[in-house]
Amino acid sequence: MHIPKKGLRALGIAESYSGRSVSRLAGVVMRKDLRIDGFIFSTVSVGGMDATASILHMVRELERSDINVIMLSGCVIAWFNIMNPALIAQETGIPVICVTYEDSEGIIADIRHHFPEDAARIQAYEKLGERIPIELHTHQTLFIRVWGMDQRDAARLCNDFTLEGKIPEPLRVARLCARHAPLPVSN
């Protein structure tokens, strides 16, 4: 991957949690020059473990060979629906950067409280590993986990894709889209 390339494309995926049985996902393909180049939508189960499958489905549905990196807004969405970014990177062949915005001690105690018998969920969370703080040119701090690429390159991409504040543009736009995308109607 040629990091300085203006045409480098990120697929930013974010969620809009609504408190229902499903939560909306939106994906935005954005070039590094901040031009939007595509959209995709999906859903995940609230409290489920289908986030990884939904994201893999989104990537496949796009049918794009020009996506250079996948940026995820958090690795745990929709009330403890834990992703497997390592599997996403492996299955797609595309590096994955998981971005969070606040420092914390983690959520393992919350997972154990709400899902005390769910050893697989606890193990999935523990497999995510530690987050790495990075300071952006905006003087804001992000926390990232990275699969399939160098941490320095991931930090540079987050910095390059951030216009202001601390949310990289592909994730900011994806979050806006997820908030306003209609949920599928069940029959």
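Which residues lie nearest the centre of the largest pocket? They are Thr100, Ser104, Ile107, Arg131 and Arg145, among 26 residues that line this pocket.

Some background. This is a predicted model, in which local features need pLDDT of at least 70 and side-chain atom pairs count only at pLDDT 80 or more, while totals for chains, interfaces and linings use all residues. Residues are numbered from 1 along each chain as its sequence is written, and side-chain values use heavy atoms, with hydrogens and water left out.

A pocket here is an open set of points on a 1 Å grid over the protein atoms alone, where a 1.4 Å probe fits, with protein on both sides within 12 Å along at least five of seven lines; a lining residue has an atom within 4 Å of a point.

The largest pocket has a volume of about 740 Å³, taken as the space filled by probe spheres set on the points. Strand S1 (9-16), strand S5 (76-77), helix H4 (119-127) and strand S9 (141-147) each give two or more residues to its lining. Helices and strands are DSSP runs, of at least four residues (H or I) and at least two (E) respectively. By class, the lining of the largest pocket has 11 nonpolar, 6 polar and 9 charged residues. Asp, Glu, Lys and Arg count as charged; Ala, Val, Leu, Ile, Met, Phe, Trp, Tyr, Cys and Pro as nonpolar; the others, Gly among them, as polar.

Next, the second largest pocket, at about 190 Å³. Its lining has 13 residues, with Met83, Asn84, Gln123, Ala124 and Lys127 closest to the centre. H4 supplies the largest share of that lining, 4 residues. The classes are 9 nonpolar, 3 polar and 1 charged.

Last, the helices. H1 (residues 51-62) and H2 (residues 85-92) pack at about 25 degrees, with axes 10 Å apart; axes are lines fitted to C-alpha atoms over the stretch in contact, and angles run from 0 to 180 degrees between N-to-C directions. H1 is therefore roughly parallel to H2, a term for angles under 35 degrees.

Note on methods
Angles under 35 degrees count as roughly parallel, over 145 as roughly antiparallel, 65 to 115 as roughly perpendicular and the rest as oblique.
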